[in-house]
2 protein chains.
Amino acid sequence: MGSTAPTKAELNGSNFKITRTTSPRKVPEPGSAEELSHSHCTDHMVTVRWTAAQGWETPEVKPYENLSIPPTASCLHYATECFEGMKVYRGYDGKLRLFRPDCNGERLNTSAQRSSLPGFKFEELKKLVAKLLQIDGPRWLPKSRPGSFLYIRPTIIGSGPHLGVQIPKEALLFIIAVPWPDFTKLKQDQNDDSSAPAPKGLKLFASTPDAIRAWPGGFGWAKLGANYGPSLQAHGKAQAMGFDQILWLFGEDRQVTEAGASNFFVVWRNAQSNQLELVTAPLESQLILPGVTRRSVLELVRERFSTEKQQAEGSSLAPLQVVERPLTIHEIETASREERLVEAFVSGTAYFITPVAMIRNNDLDISTLGQGGKPAGYAAQIKSWLEAIMYGKEEHDWSYVIEEEK
Amino acid sequence: MGSTAPTKAELNGSNFKITRTTSPRKVPEPGSAEELSHSHCTDHMVTVRWTAAQGWETPEVKPYENLSIPPTASCLHYATECFEGMKVYRGYDGKLRLFRPDCNGERLNTSAQRSSLPGFKFEELKKLVAKLLQIDGPRWLPKSRPGSFLYIRPTIIGSGPHLGVQIPKEALLFIIAVPWPDFTKLKQDQNDDSSAPAPKGLKLFASTPDAIRAWPGGFGWAKLGANYGPSLQAHGKAQAMGFDQILWLFGEDRQVTEAGASNFFVVWRNAQSNQLELVTAPLESQLILPGVTRRSVLELVRERFSTEKQQAEGSSLAPLQVVERPLTIHEIETASREERLVEAFVSGTAYFITPVAMIRNNDLDISTLGQGGKPAGYAAQIKSWLEAIMYGKEEHDWSYVIEEEK
């Protein structure tokens, strides 16, 4: 009543200004150099400008092109930037699907606020992504290639010309889509991408105390650019020694937090209870990213690996109890030595569910493959469940179907 | 011997490709809106491209313009970015000077390596900066305005199109120069810039344990973008409560580390020794930025506030002992309560030497003004010494004179 504050526009994913490309780009072949570049984007991109004075402007779909950014923009100096990783899947029924896109919408909104960038109603993000794929889906993820996907990258950056250290007064949300190699389908000699996981299971290098990814009171729990660049130094050293990723440890007790940019899971037999457990780091400590795949893994295991269900579905795998708690590298080492370790894997959008073969901690190599030198099969089972949902073999409310243009 | 590795070019600040502007920009008046924007840059900028295959390309001086950046560039997603803050000073003798530019060159090289960006020979940076000011100095910092300065921002970003999380294969070093408000010369009503310090001394809000700027094993000691964006949230909250900056505390003992993006100093009388001390956080813990101004303050005080010298120079201020050690907010509170606190100030390039009036820690307001409610004068003396060097009143080997174009 009597407020003179101007009404700032909310993000609205239902109304677009659309400019079509007149020079369609080449769709890369699976396994081609263009695809392995992770950067050969589709024909269009979505951009939405925001200003502190007016709020969110009308979203645009326009031809993919370089961004014109002032040299004084805060995203180039102060890392005012956050992002999401999503995929769009071409189902075996011919439909295009997103996987739990509102989870990404919620997290991007949270990350934006943590980095002093503008927030939005989370459900608008999936509408923006869907619009891009309505237009680019038919050609870039054709019905002739069921079981394939594109990687989607929604990003928000501080884009205005303000060199002073201050909360951004202008921002840009942009969404790009890019063919992404499916490493499970590549031949070994095609795979010269240093960021690709090893086919036989990841080799992880446990971080040393001079390399900390995240800390309490920090921002490791949000998907900020600031979590990634500073981690590349340790990652590069590990790769130079022949490892795939860093396993990020934290604290004097060397808690296991994340692997590379993925969540980390171990399956072991509890020494006290003799119960099989799926253990992963908890969200409460705010040291790890709350992964959408992580959450889905835990929910599926809780729902489907309970004894009765699992018997009903005829799985040969024994039931698993989900445990979210701090776990240490010493516990993993002990479990491996005592032959209680069954399996380890990582989860994330970019590289999905990938087994872990071993961990080097200081001078000690820990096998995480379990009995007989191979995974027990939990990760494979979980991956299969997720793929069934993603590619429409199973109807599930985690799927969001995109209506494409003809 | 027998190496087939290609020779990668080093950064070379002695050879330029120069393109002059044909439409010179307006030079803003002191105190104007353009100047207060911190973003109205000079006519030209320096850019140097780097690729992993070839190394550093020939530096360019060209008209100031927006950067064209691929939406997949790692600087927009993974905060592969670092920068320096410098100033160029128009001396009272008409000369243009940089202040200890090799210190900035060394730190930028260190920051670049910490963020997996390309390094360089530190002494090249000052040559690049000097070339820009040779061209833009005469018009943007005219001899008719001695005692004024421009702010210089050298920046390195990961600029190549590589969306995978990996060490950048392309980078861009760019240098821009921008008129920057001199807050000591502005009238109060001109100063609507929320990032400007208060004229009567800063009001600092001590951070709470849920807002931690840096961590041992992290990167708080390097000038990475990743240190800034995530700090804006706490900064914004403090400003909304009427404070100028956050005073960043760390650890269970609440160590005082930095104030905003500046180094923090306190002058107090030691309760045991009765000695006057200048105390600041140490570099060894890697929690604070190794400020060029910080270092200069400590060196000048060590050199000039020893008893004999100070007597010789006729200062009325008693001698000071420099102490670099962890100090806690409780020590400051106790010193204030026991009337041993003499003065507090912050140092940095952007806002130089600025007194601190008070600190709020939880619900307690701590006065840092010393006896009589005003600073004792150490900060003012140090500032005066530094200005004499910067503006050529005193010949000093910290100065680097730029030869301008006629």
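Student: Which backbone nitrogen does the side chain of A:S39 reach?
Tutor: In this predicted model, the side chain of A:S39 comes to 3.3 Å from the backbone nitrogen of B:L163.

Student: Where is A:S39 found in chain A?
Tutor: A:S39 lies in the loop between α1 (33–36) and β2 (44–51) of chain A.

Student: Buried or exposed?
Tutor: A:S39 counts as buried, because its relative accessibility is 10% and buried means under 20%.

Student: What is A:S39 in contact with, leaving aside neighbours within four places in sequence?
Tutor: From chain A, A:Y64 and A:V178; from chain B, B:T72, B:P161, B:H162 and B:L163.

Student: Why say the copies meet through the same surface?
Tutor: Because 98% of the interface residues of chain A are also interface residues in chain B.

Student: New topic. How many salt bridges over all chains?
Tutor: The search of the whole structure finds 44. One of them joins A:D102 and A:K126, with the closest N and O atoms 3.0 Å apart. That pair links distant parts of the chain: A:D102 is in helix α3 (residues 101–114) and A:K126 in helix α4 (residues 123–140), 24 residues apart.

Student: And B:R295 with B:E299, what separates them?
Tutor: About one helical turn, because they are four residues apart in helix α6 (residues 292–304) of chain B.

Definitions and conventions:
Residues are numbered from 1 along each chain as its sequence is written. Chains are lettered from A and ligands numbered from 1 in the order in which they are written. This is a predicted model: local features need pLDDT of at least 70, side-chain atom pairs count only at pLDDT 80 or more; totals for chains, interfaces and linings use all residues. Side-chain values use heavy atoms; hydrogens and water are left out. Helices (H or I, at least four residues) and strands (E, at least two) are DSSP runs, numbered from the N terminus. Buried means under 20% relative accessible area, exposed over 50%, partly exposed in between (1.4 Å probe, protein chains only). A polar contact is a pair of N or O atoms within 3.5 Å; within protein, one must be able to donate a hydrogen and the other to accept it, and residues adjacent in sequence count only if both atoms are side-chain atoms. Contact means heavy atoms within 4.5 Å. A salt bridge is a side-chain nitrogen of Lys or Arg within 4 Å of a carboxyl oxygen of Asp or Glu.
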